[in-house]
Amino acid sequence: MRAARALVAALLLAACATTVDRSKDSAILQSQDEDAWALAASLVTEVGPRFAGSEGDARAVQWALATMTALGFQNVRAEPVSVPRWQRGAISVEVLKPGKRTLEAVALGGSLATRPEGVEGDVFPVASMEALEALPRGAAAGKIVFIQARMERTRDGSGYGKVAPMRRKGPAVAARKGARAVLIRSLGTDVNAHTGTTRYEADAPKIPAAALSGPDADVLEQLLAGGQRVRVRMKLEAVDAGMASSANVVGEIPGETDEIVLLGAHLDSWDITPGANDDAAGVGIVMAAAKRIAALGRKPHRTIRVVLFANEEFGIQGAKAYAAAHAAEAGRHALVMEADSGSGVPWKLNGGVAEADWPEVAQLAQALALEPGSNGKDGGTDVGEMRKLNAPEVIVVQDGSKYFDVHHTRADTVEALDRAGMVRATGVFARIAHQASERAAMFGRAPPSKE
């Protein structure tokens, strides 16, 4: 952790040079420093992949504790969380007919393993989840279902939301139709194979599931387009290793009151990726935003609490544990915010605040040169557990045009980070958190989501 200590020492020197001059508040909050990028790069290079319950996960917790402490955060602690431990192994997907060809694929998180000899079957193509769900039971008996839907590149990430169900519930639905295994086109806008969680259901057999890279999904589609029989063998190793120990890491800039402005991100990543955009970027953004508020040189009115959640990727146990442990103080959460949208430039604010407070958020968006979105929106996955306890939320929408080029892939490295986007995002988070901390009254409780 020597590099981390050197990094935070440099950041502290910059913070200590700050004077307590309110006329400089805006300049400090909107600084052009690259602290967020430096923190994210430190996490990625010193820890690397940090999947729930793994050795990397444990190192990430220690990194976060050391870094928060060195940055001068108070009440730094690890709050224990139990997480599921799933371990992937080797995978191969091979076309047997009409001619042999190996396809690039990655197992979906939580997938059942195949038998050692693999699972073999004719490919049964379906265009979408809707088409799969419309099939009668048994329609794909003995087949390997291939869900072909393509993800659309969008600025707001909505393209992901449209196709995500085929990864999350596609295997369970296909199993009810009689399938022996499932292949999906990766949820991405590039050539990589993307992993991500699938969810088995009690009323469906568990079957192996994997995602194909974009180019190899194209190959399979082209073979099928000719109307010929396409047969595939899949071999997939995976182990369900029970439960393991992890932790949420919490640090604070103590305020004059016991009310809380929460800045959240998730500390974990998938096992195959360094997780720079997902979510080292968010970790860097929220820590750097809190540091800017501390650099104002005086106590905030409300406490700024940074929470780095455990296991967002494979079950949100960290978010659930935080909500359970802090349920008694849910009413003291003046605002919750989450950075889990990569490193792109912020361009819009949505809200999950009382309708009476939405005009203030819309005005703040305009002051930050952002588009005012709409209220009653769902936001961060982790802080969503606090939304269920009626905590108000402001949602920073970042440019997601390139995010799904690397999301859940080996390509999510430091080089994939948008440094300028992170500078801008840090300023936006810092400004909103500071306003939420200093305003006379807390934001009103959030209305039910309109989504």
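Residues are numbered from 1 along each chain as its sequence is written, and side-chain values use heavy atoms, with hydrogens and water left out. Because the model is predicted, local features need pLDDT of at least 70 and side-chain atom pairs count only at pLDDT 80 or more, while totals for chains, interfaces and linings use all residues.

H9 reaches 25 Å from its first C-alpha to its last, close to the 27 Å expected at 1.5 Å a residue, the expected span being 1.5 Å times one less than the number of residues. Beyond its neighbours within four places in sequence, Leu263 is in contact (heavy atoms within 4.5 Å) with residues including Val286, Ala289 and Ala290, as well as Ile304, Val306 and Phe429.

Ala209 belongs to strand S7, residues 209–212, and is buried at 0% relative accessibility. Leaving out residues up to four places away in sequence, Ala209 touches Ala107, Leu108, Ser111, Pro171, Val182 and Leu236.

Helix H8, residues 214–225, has twelve residues and reaches 16 Å from its first C-alpha to its last, close to the 16 Å expected at 1.5 Å a residue. Among its buried residues are Gly214, Asp216, Ala217 and Glu221, and H8 is followed by Gly227, whose phi is positive, near 80°.

The structure holds 31 salt bridges, each defined as a side-chain nitrogen of Lys or Arg within 4 Å of a carboxyl oxygen of Asp or Glu. Three of these pairs are set out below.

| Pair | Closest N to O distance |
|---|---|
| Arg176 and Asp203 | 2.8 Å |
| Lys388 and Glu385 | 3.0 Å |

Glu221 lies in H8 and Arg150 in the loop between strand S5 (144–147) and helix H6 (158–168), so the pair ties together parts that are 71 residues apart in sequence. Arg176 lies in helix H7 and Asp203 in the loop between S6 and S7, so this pair ties together parts that are 27 residues apart in sequence. Glu221 is buried at 17% relative accessibility, and Arg176 is likewise buried at 17%. In the remaining pair, Lys388 is exposed with a relative accessible area of 61%, whereas Glu385 is buried with 12%. Separately, Arg77, Glu79, Glu252, Asp258, Arg305, Glu329 and Arg332 are linked in a network of salt bridges.

**Buried charges without a salt bridge**

In this comparison Lys and Arg count as positive and Asp and Glu as negative, while His and the chain ends are not counted. Lys177, in the loop between helix H7 (170–176) and strand S6 (181–185), is buried yet has no salt bridge, the nearest side chain of opposite charge being Glu133 at 8.0 Å. The side chain of Lys177 does, however, reach the backbone oxygen of Leu135 at 2.5 Å. Asp382, in the loop between strand S13 (371–375) and helix H12 (384–387), is also buried without a salt bridge, and the nearest side chain of opposite charge, Lys320, is 9.9 Å away. Residues touched by Asp382, apart from those up to four places away in sequence, include His266, Phe309 and Glu312.

**Backbone exceptions**

Most residues other than glycine have a negative phi, and most peptide bonds are trans. The bond from Lys97 to Pro98 is cis, with omega near 15°, and Pro98 lies in the loop between strands S1 (74–97) and S2 (101–103). The bond from Asp278 to Asp279 is also cis, with omega near 10°, and Asp279 lies in helix H9. Asn311, which is not a glycine, has a positive phi of about 50° and is buried at 1% relative accessibility. Ala369, also not a glycine, has a positive phi of about 60°, but is exposed at 67%.

Notes: Helix = DSSP H or I, 4+ residues; strand = E, 2+ residues; numbered from the N terminus. Buried < 20%, exposed > 50% of the residue type's maximum accessible area, 1.4 Å probe, protein only. Polar contact = N/O pair within 3.5 Å; in protein donor to acceptor, adjacent residues only side chain to side chain.
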